[in-house]
Amino acid sequence: MQTQRRLASIQWSFVKQGLTLAVGTVVIVLGLLWLSIYWLGSYGQAADWLFLYLGIRVPFGLDWKYLLLFFVVAIIFAGILGVISGYVVGNLLKKRLNALWEAAMNLERGTLSYRVPELGTDELGDIGWSFNRLAAKWEEQVVSLQRLSNHNAALGEQLRQAAVVEERQRLARELHDAVSQQLFAIAMTTAAIKRLMEKNPARAAQQIELVEEMASAAQTEMRALLLHLRPATLQDKSLGEAVVELLEELKQKQLLKITWELEEIDGMSSGIEDHLFRILQEALSNTLRHARADQIEVKLFTLQGQVRLRITDDGVGFDTDGEKMTSYGLVSMRERVAEVGGSLEIYSAIGKGTQLEVRIPLMEPMSYVETKAAEGSE
């Protein structure tokens, strides 16, 4: 809003400058003309010579009143001309600056395909041309980033497959060393309780409490192992399917009102899907840990050539200028967004809840021929 006010004032600055320049020029010119002919004689003669010099025929005698009236009319006419010319020139400049401002705002919002219209051959036109070159290079960089993200996603899938066997072996060892032994101990203790029930009921009661403790420890261990089994990637699911599964599971385990609206988005690369899914996991984790919210709303949609993920809660909120903006979770989300050339916007205030919105441009992937042509041009 502050930038808009500055741009709007440029037009009126030109109006003031045009008025000052026009009136000042007329006053100086008339003054110089008056001084140049004043030496000819009396006041009236000087006025006669002035009107003759300007080519004005006056059908009546001149005195200082008519001369003063002429001065006033000339100044008013010059002022009107200066205001009109300043307004026109300022308005033209304002329109050209508005075109640059709109292009900068579109670039900031991630609309990388926007270009500045032709602004002429002067300095502003050169700035617009340079801005379009910058936007085109930025667009190419985003395409490269997303292509690299897709490549990384493919490599990540290969590494995941390679790690499956090792992870299974680790889980098997932990199940044997922890849960299996605890279950064996529970079985042995239960068998002992049967023998103690008649002989020593007090001792049997103590053994039952021990069984409860061992069962609780085994349950805790199993929950920890199951947490490690949660997939870190989509694993052959679409983004929408994975998000619905995640939110349904969260809805069953948490006393929260969770709603979602998910648009089917075609042509989105696997790299972007993976990043959006992990960002959603991180955002939900932050909400559950810190927000103390009653409602969570998740939206996935496209707008202006961008895929947008919006997570909103009605929690306690936080100060966006505070230390939480540099927390590990938010830093991790910003890094993931930057990897695919997107932007992350956070709207929050203490007691007003929080809204997080991720915007990632959907770029057409470059073909092999286009990639080679771009490399050859460099």
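In β3, R310 is the bridge partner of K299, and in this predicted model that pairing belongs to an antiparallel arrangement in which β2 and β3 are joined over eight bridges. The hairpin formed by β2 and β3 has two residues between the strands, and within this hairpin Q304 takes a positive phi near 55°. R310 also has a bridge partner in β5, namely E357, and β3 and β5 likewise run antiparallel, with eight bridges joining them. Six of the eight residues of β3 are buried, so this strand is largely enclosed by the rest of the structure.

These strands belong to a chain whose secondary structure comprises nine helices and five strands, and whose elements, read from the N terminus, follow the order α-α-α-α-α-α-β-α-β-β-α-β-β-α. Of the 378 residues in the chain, 32% are buried, and the accessible surface comes to about 24,400 Å², with 59% of it belonging to carbon and sulfur atoms. Among contacts between residues at least 6 apart in sequence, 64% join residues that are at least 24 apart.

The largest nonpolar core contains 33 residues, of which L276, L280, V307, L309, I311, L356 and V358 touch the most other members. At least two residues of this core are supplied by each of α6 (239-253), α7 (270-291), β2 (295-303), β3 (306-313), α8 (328-339), β4 (343-348) and β5 (354-361), and α7 gives the most, with seven residues. When residues up to four places away in sequence are not counted, L280 touches V243, L246, V298, L309 and I311. Apart from this core lies another, of 14 residues, which includes L100, V116, L124 and V143.

α6 itself has 15 residues and reaches 21 Å from its first C-alpha to its last, which is close to the 21 Å expected at 1.5 Å a residue.

Conventions. Residues numbered from 1 in each chain as written. Predicted model: local features only at pLDDT ≥ 70, side-chain atom pairs only at ≥ 80, totals over all residues. Heavy atoms only, no water. Helix = DSSP H or I, 4+ residues; strand = E, 2+ residues; numbered from the N terminus. Buried < 20%, exposed > 50% of the residue type's maximum accessible area, 1.4 Å probe, protein only. Contact = heavy atoms within 4.5 Å. Areas by Shrake-Rupley, 256 points an atom, 1.4 Å probe, with all protein chains shown as cover. Core = buried A, V, L, I, M, F, W, Y, C linked by side-chain atoms within 4.5 Å. Expected span 1.5 Å × (residues − 1). Pairing = 2+ DSSP bridges.
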